[in-house]
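Here are a few exercises to work through with the model open. Try each one before you read its solution.

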Amino acid sequence: MDEERKKRFYEVIDDIGAALKGLREYRGLTIEEAAERAELTPTRLEAIERGRLTTNLNTLTDQVERLGGRLAIVPEETPDDPHCQFIEL
């Protein structure tokens with residue numbers, strides 16, 4: 001993978017982790033409570049939230065839904081928008 005694609009990949013992973021953490025905090029869940037709902041270990045969930053662990057799309061969708069969320073595609077407002085973000089409706 002060339003350096004630019006690699007950089008973008010890790011930016012996306014970081015944004016996904018931050019969005020997942022935002023959802024967990026919005027739901028008022030501890031790492032332990034969220035990990036149990038998402039069927040993960042707390043260590044694994046924490047690594048995903050920090051952008052240090054990737055997961056496939058099906059698994060991510062399952063985890064998000066177990067935490068009471070949905071994945072969505074939204075229009076970009078500015079070029080600096082995160083690739084993935086938690087949005088409170």
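**Exercise 1.** Which element gives the largest share of the lining of the largest pocket, and how many residues is that?

Some ground rules before the solution: this is a predicted model, where local features need pLDDT of at least 70, side-chain atom pairs count only at pLDDT 80 or more, and totals for chains, interfaces and linings use all residues. Residues are numbered from 1 along each chain as its sequence is written, and side-chain values use heavy atoms, with hydrogens and water left out.

*Solution.* Start with the pocket (on a 1 Å grid over the protein atoms alone, an open set of points where a 1.4 Å probe fits, with protein on both sides within 12 Å along at least five of seven lines; lining residues have an atom within 4 Å of a point). The largest one has a volume of about 1000 Å³. Of its 34 lining residues, Arg70, Leu71, Ala72, Cys84 and Gln85 are the closest to the centre. Next, look at helices (DSSP runs of H or I, at least four residues): H1 (3-26) and H4 (57-66) are the elements that give two or more residues to this lining. H1 has the largest share, with 7 residues.

**Exercise 2.** Find Pro42 and say how accessible this residue is.

*Solution.* Then check the area: a relative accessible area of 32% makes Pro42 partly exposed (between buried, under 20%, and exposed, over 50%, with a 1.4 Å probe and protein chains only). Last, pick out Ile31, 11 residues away along the chain: its C-alpha atom and that of Pro42 are 5.7 Å apart.

Notes. Points joined across faces, edges and corners; volume = space filled by probe spheres on them.
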